[in-house]
Every structure is written in structure tokens, then in C-alpha cells.
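Student: I have just opened this one for the first time, and I would like to go through it with you. Could you show it to me?

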Amino acid sequence: MSKNQPRTLILLENGVLLCLFFAVLPAFCSVTVNLNGKWNLSNSDGSVFLGAGVPGCVHSALHQAGFIKDPYYRFNDVSYRWIAFDNWTYTTTFSASAQLRANQRVLLVFDGVDTVASIWLNGIVVGKTDNMFRIYDFAVRDLLKDGDNVLKVSLLSPVLYASERRNAHSAYRVPPECPPDVQKGECHVNFIRKEQSSFSWDWGPSFPTMGLWKGVRLEAFDVLRLVRVSSVPLHNNLSQWRVQVELLVDAVQTTSGRIALSLPELDSEQVLQTQFLPGKTRNVFTLNVNASSPVKLWWPNGHGGRRSYRLQVRGFQGRALILEAESKVYFRSVELVQEPVPGSPGLSFYFRINGKPIFLKGSNWIPAHGFQDRVDPAVLRNLLRSAKEANMNALRVWGGGVYEQDLFYSLCDEMGIMVTSLREGNVASCTAAYETQSVETCVFQVWQDFMFACAMYPTEEDFIQSVREEVVQQVQRLKSHPSIITWSGNNENEAALSTNWFNIPASQRPRYLKDYVTLYVDTIRALVQEEDQSRPFLVSSPTNGAGSEQQGWVAADPYDPHYGDTHFYSYALDCWDWRTFPRTRFASEYGFQSWPSFSALKPVSTKDDWSYDSNFSSHRQHHEDGNQQMLRQAALHFHLPNSTDPVKAFTDTLYITQVTQAQCVKAQTEFYRRSRSEIVEGKGRTMGALYWQLNDVWPAPSWSSIEFGGKWKMLHYFAQNFFAAVLPVGFEDGDALLVYAVSDLRHEVTLGAVVSVYSWSRPEPACTLRSDPVPVPGGSAVSVFKRPVAALLAACGGCTRLTCLLTFHLEDGGGGQRGPANHHFLCKPKDARGLLRPNITVTVRELDVGYVFSVALRSDAVAAFVWLDAGGVPGRFGSNGFLMVSGYRAVVFYAGRHTAAAELSGSLVVTSLRDVY
Ligand code: BMA
């Protein structure tokens, strides 16, 4: 190597740049050899032998090589259960050049092993793994040789391993032992540090994966390697900023030098003397931001812009550059405010970003596929884009899945989205309504759980040690992301302990309480607080937060609406009745199930499966009594489908479950949003609504608003409205109808309500009433209309609760509509008089070649929950599931692939409430 050779830089996933060669003395170099690609895979007795992609997993490899069919097809989750009971070995051969071997250190690095493995290099065991959420590296220099080197990863059956670990834990039970039978899952998942839902969940199949789910490489170096750069912004009163920069450095020997940190766009630079100690060490530096360079803050969606700044890190020994890296820094502050609330016992619970209280609107994120290697950037982008289009500003990464991949968080920090401007109202008459495309950015606030859910966990030293590594590595990996606004120790384990889900006898409770505190408080919380002072840590969700802490970390009632966050599920009560919902400070989970569309089920089923009571339909339902619960809730308000055509009866039932779910979650979310400014009977000031759940792991009934494959359910279309920045919420209290104006805007607006009364039998308003506009401050919910229902109906001559319904919207002082229109039923639609079966005709026109279409609907009657389904043509409508009170509506269809108007109208099916009975 000549000393004049140009320096080469490699950008690793974590933002670290590796210096390969330097122009100045002494000549340091660091070499990376990527070992991803095609490996060999075999089972324990050698009867199965195939090529397998790395990163990847055994199930995906078997499927891709044709050894098994689609694991999601029909009952294949059960047919392929054997896979996870076998042991599997991945093997590859690579050459290691003399130049590589000449380095002082050569490490074999695994970014993710799923899960329990021994790693062999040239016939020698170099290490073992037992935690899917950790990065592992092993020193291998002395084992490498000239010519072929053989690397073998032998994976143990995760199911058998978990059960062995459980058997070894004989002193006491660590429940729940096994999932409920309805989940058709495997037992003892809490004994293995792996995606907890991979052993089945109440929305997901059991596919206990095995594999090398992230990259594998060799890293060779002579002096040091920069493992990771992370940075968090800190501030004094939001005016004076500094950036805490952490370098995780792996040095061969004690190395003294200088570190130069700079934020060129902020004219800020600092050079510090340092010493890197041998081994992997954490080195923390502070870079003060030049006070005369004002920073632009990172703001959540709808609250302002955001920009990133380049952070440059360079390390020198003498004149030699020994490390170099570049990453992004965003400036924002986050506080979790828990303080006394006037007129209410307990404490507030809300997030303040950059000093401003923000209502979190969104949902819960679960793994996007049972096989993580199938979650590609397009899947992530589509889901996040859909979340943004439903006006969400927050997502909770739920603790039974995985810490998501880097791209997920980068997209949450800031995602550029191409936006097509189209005004739906115009599309029928005016092609010019199709305007330009522009790029918008959006962000999400992420509530990040640690991966522990719905169980007790062991606390043996080796388990805790593995968790320690996991926590430190994950926090170091993720803490530079401004999108993460809170860490949270687990999902529902405080509640499980407190309300005794697992029937733990009172005499044994102290042991479990001790284990709980050991794991989440003394271990995880302590580590997180050491690693990251820039954001809050909650021990569990739901929790009473500070209230739980006062009660020794496990509150008597973690669902107490006066404190913290709550999860609330009630399937039997009437979900249209807001009185059934807890007026909580923060609703981090609530929801109802529905079935996905027929087009999602078709590829994984046969004709025999297409009825609601088929074996297939009950097999896919993993929540006890779930299919019946949906029908019972639907029957509270709707006539159930009764077609004599079995397939129509099935598809109509799928439809009615989606209507029911959409309407239930709408009612609950609107209740939370209108409760943001009020204290009623000591409860209220709700500042978050994250429904359960955004996405699906496979095609099956679940609480999701987006089905597997990305198609929006009716709920997701409803979310576009119920999460709108300005929203009219209508409800009845006593004998009165009230309309609240909910505003997430930054500034005050003057708003009044316009309420129209329609008869079910006539597509034109019977009468319209208005209220005088009143000031609605930014970030508030204000009552803008109140009228006794009887007076309202009387004013509209001839109307009764059974014959009429209400629509309403908000208008500002200038008479312009603000926010979406909304409606309120005065009776259960099944009791409505005059709701006729509408005759809806559809005309499809192409607006932009092959991708954007106008869909115009004409109806001769009032039609409720009008649902457009484009079948196998991927894409989404501008709006859907709507109420047609006038006889005409035009919506836009954005195709997910090139199509034609003829194909679209050929696959389009329109269903409305009156069509299913
Ligand atoms: C909550 C979640 C999940 C579950 C969902 C629906 O408890 O945390 O565990 O899937 O409810 O039951």
C-alpha cells in the first residue's frame, strides 16, 4: 500500500465511516469483508440441504427453494410446525486475504442472530449466541487461514431451547407457560430473548423463526475501529444547545489523540484531547453549539418544520487520521409532564415537545411480517406513508415484536413523501384538478417499548446479563433518533402482575414483584438512564407513571385514569356509547377486531374456506371468541348479512366487521380527542390516542387498520378524518346534542358548527342550523353547539330519531369549512326507517396515465358506509366508507401499479350498509 493511496470511506448502516487507508503517516487501515449472500442450510439429520440467503431465515429459505409452500397458506402454520422443532446449520466458505490477516484484530461480526447458536470457524467454536436483539462479535484472527475458511452457524430449535430453559428453572413458575390454545402457538417464549410474538399472538401465527436475520461481516483493523457514533441534543431553556456525542471505540491498545467534532452548518467546532482505552469503550464528548447560530428545531407533523444538521467526527493521532464519521443531528426537547391537575386527583400525563404540549395521535406498530427478511424498505415506506395520510403523528413500537430496523426510525425522523395535489370534489367535472406533485416531509413520534410483553420473565444472572447487553446496544443504536420520544420497559407486565393475570398465589407475589423490579427498574431503567438523559423512561405500559413509582413500581390499578396511560378493551359493551370509555390521561391502546378484505384472504385460502364458520375462519382467529364478538358488536347496530349466496354472505360479513370496527374506534378516538381540555368528574385532559393496531403480520382477523399487503381497512379511512387537525365531534349528553371543535392547530381559530338534518329516505337536507363562531385556541377542544335533540328534530318538522340523521361540519368566521364533515346517527341504523337499498352507479375515468383515476358515484337514495373495494388492483381511494347524503360523490383512486380504467371498473365492488341484508 502506498501512503499516497487515496482514502476510501465506507458508510456503514449506523452512520460510521470506516477509514480504509490514509494519506498521512502512520498508515492505518480497516477492512470490511461482507459475508452476506448465498449460504448453505441443512437440518440436523442432513435430510434437507439447500441454498439460503443471508440475511434471512430458515422458513424463507425453505419457501424460496421450493421445499415448502407459502407458510401463510391455509393451515400451513400448523403443517410447518416441525421446522422450528429441528436444529439448522448455516454454512459458508470465504477466503481471507493475507492483507486482512495481517491486521492486529479481525472480528467476525453478526448484526443479528435468531437466536440460539454456536458459531464455528474452521472447525473451532468461536462463540455462542442467545439473544436475537444483540450484535455479536468474535475475535477470529488466529483462526483464519489462507484459502477456504469455513464458517458454520448451528442454530438450536428455539422451541426446544425455551422449554429446556423453563425446565431448568425449577424453583418457581414463570408464567404464562403456554399461549391460549386458540393461538395454536408454542410455549415458554419468555425464556428466550427473541421476538415474543413469533411463538404466536392473538393476531399472529406461530412461526418461531431461526436464522441470520441481519448482516454478517469481518472487520479487520490495526489501531482501532469506530463501532458506533451516537448523539443527543441537550439544552438550556431551548436556547443554548449542546450535542452530546458518544463514540463507541474498539481499540487494540491505549491510543491517545485528538477528536474534532463539528456541525459545519451551525459554525460549531471543538477539538478535544482524548485517550481510547483498549477494548470496546464508550467515549463521551460535548460539542457546544455556537450561540450565534440559531438552530431550527425538529417538530412533529403539523407543528412546524424540521431539519437535520451534519455532525462530523474526526480522530487524529499526531497528523494521522484514525477515525472519521458523519451522522445527522436534529434538535428537539421532550418532556413527559406528570404534575397535579386542577380539579382532578392524580397527575397529568402528556408529552411536551420543544416546550409545547402535543396530543399524540396514532396507533401501535407490530412486526410487519412473520419473517423479518420480508420487511423491505417498500413495506416500511408504505405503512409509514399510510400512517401519515391518516393524519397520525405518533406510533408505539410494541414490546412483543422487534426493535425495528434503522430505516424505520430514519423514516420516522423525517420521511420525504411525494404528494399529488388533487381535490376530490372537482374530479368529476375537471381534469385540471389534478395538479402538481410536490415533496412533503413527515415525522412520527415513537413510543419505544423494550421487547417484553404480557408475561413474567426470569431473572437469572445470565438472562439479565444478556438483557443488559441488549438494552445498551439498542439504546446506543437508537438514541440519535429524534423521533423516539420515550422508552418504555415492557408491554402490560405491570398490569399482569397487579391484576394477577396468571393466578399467582398471594404468598408468592413478593418474589414476582422482586423479579419485576430487578428486570425493569434496577436493570433496564438504570441502564437507559445512564445511556440516555435526553428522553423519559416509563417502566411499563399501561402504567401510572410517577404514581406507580410511588407504589413500588407496581400500582394497585395501573389502569387508573387519573394517572399515566391506559389500555382499554371492551368488546361486549356498546362501542357507540362514549360513557363506556375511560376518560383517561392517555390512551395508548384500545381497539376492536375486523376481518381483512376478500382479496387479502383469497391467495391464502380455497373456495371451501369462504364462509364465516369455516375451519379456516376459526383457524385464522387467534383471539378467543373473536369472530362471534365481532358479530355481536355488529348486531348491536346493524342487520347482519343474510345473503343466500355463500360467498356474498362471507364477503358481506367481512364488510360488516370492518364497518363495526371503524365506527367503534371512531367513537372512542373522538371521545379522547374532545376530552383534551376538560376535567369531568375529576377525569380528563386526555393527551394521547394510539389505537391498537396499525398493521398486520399475516392475512387474518385482527385489530389492525391496514391489512397484510397494505390495503386500508375502513378504519384507516376513518382515521384520516378522526385524526384531522381540525375535527368536529358530535355526541349526545343527557337530552342534548353537542358539537365540539377539536383543534390541534398552533394558533387560535374562530369556529362555529353547521348541523344539517337529513331524512334517511331523501338525499337532501330537511333543515340546517348554525351556531355563532367562537374562539377555539390552538390545541384545545371547545363546545361550539348545544341543542336539545327533541328541539332539533322539532325544528325540522316531521323528523324523528328513527327517520332522520345528522351531518355537521365546522366553519370559520369567513364561512369556510374547516376540517372534515362528520355525522351522528340518532338511532341504530338497523332501526332506521326509510333506509332504502340504493342503486349506486359508478363511472371510472383516468386522470393521470395508468395511476390516478376518478371514481364518480351516483346514488338514488341515502347510502351509509359506502365501501369501494378495488379487489386485486392495489392502491387506495381518497376517501372511503363514507355516508352519501346527497346523490353524488366523486373520489380519487391512486393505483399502486399501472392499471387502466377498464381494469379498475372491472374489479371495483361497491357495497353499502343496505346491500348486505
Ligand atoms: C394488548 C396488546 C397486545 C394484544 C392486544 C389485543 O394487550 O398489548 O398484546 O395483541 O392487546 O388483545
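Predicted model: local features only at pLDDT ≥ 70, side-chain atom pairs only at ≥ 80, totals over all residues.

Student: Which domains does the assignment give?

Tutor: The domain assignment gives domain 1 (13-18 + 224-330), domain 2 (35-217), domain 3 (450-559), domain 4 (726-831) and domain 5 (841-916). The C-alpha centres of domain 1 and domain 5 lie 51 Å apart.

Student: Okay, and the ligand, which residues are around it?

Tutor: Around the ligand you will find Trp201, Asp202, Trp203, Trp398, Cys454, Asn491, Glu492, Tyr569, Glu589, Trp692 and Trp703. Sorted by class, this shell has 7 nonpolar, 1 polar and 3 charged residues.

Student: Which domains does that shell draw at least three residues from?

Tutor: Domain 2 (35-217) and domain 3 (450-559) each supply at least three residues of the shell.

Student: What are the distances from side chains to the ligand's oxygen atoms?

Tutor: Aspartate 202 has a polar side-chain atom 2.5 Å from an oxygen atom of the ligand, and for glutamate 492 the corresponding distance to a ligand oxygen is 2.6 Å. In the case of tryptophan 201, an N or O atom of the side chain is 3.0 Å from an oxygen atom of the ligand. As for cover, the ligand on its own has 300 Å² of accessible area, and the protein covers 92% of that.

Student: Changing topic, in what order do the strands of the open sheet come?

Tutor: The open sheet is formed by 6 strands in the order β5-β4-β7-β12-β9-β10, and their pairing is antiparallel. β5 (49-54) and β10 (124-129) each have a single partner strand, so one side of each of these edge strands is left without a neighbour in the sheet. On average, and ignoring direction, neighbouring strands of this sheet are turned by 25 degrees against each other.

Student: Can we zoom in on one pair from there?

Tutor: Take strand β9 (residues 117-121) and strand β12 (residues 148-155), which pair over 5 bridges in the antiparallel sense; here tryptophan 120 has lysine 152 of β12 as its bridge partner.

Student: And what does strand β27 pair with?

Tutor: Strand β27 (residues 350-353) is joined by 4 bridges to strand β24 (residues 334-337), and the two run antiparallel. β27 also pairs with strand β28 (residues 356-358), again in the antiparallel sense, over 3 bridges. Isoleucine 353 of β27 is the bridge partner of valine 334, and isoleucine 353 also has lysine 356 in β28 as a bridge partner.

Student: How many residues lie between β27 and β28?

Tutor: The two strands form a hairpin with 2 residues between them, and asparagine 354 in the turn has a positive phi of about 50 degrees.

How values were computed: Residues numbered from 1 in each chain as written. Heavy atoms only, no water. Pairing = 2+ DSSP bridges. Axes fitted to C-alpha atoms, helices over the stretch in contact; angles between N-to-C directions. Near = heavy atom within 4 Å. Polar contact = N/O pair within 3.5 Å; in protein donor to acceptor, adjacent residues only side chain to side chain. Areas by Shrake-Rupley, 256 points an atom, 1.4 Å probe, with all protein chains shown as cover. Nonpolar A, V, L, I, M, F, W, Y, C, P; charged D, E, K, R; others polar. Domains from an automatic or database assignment.
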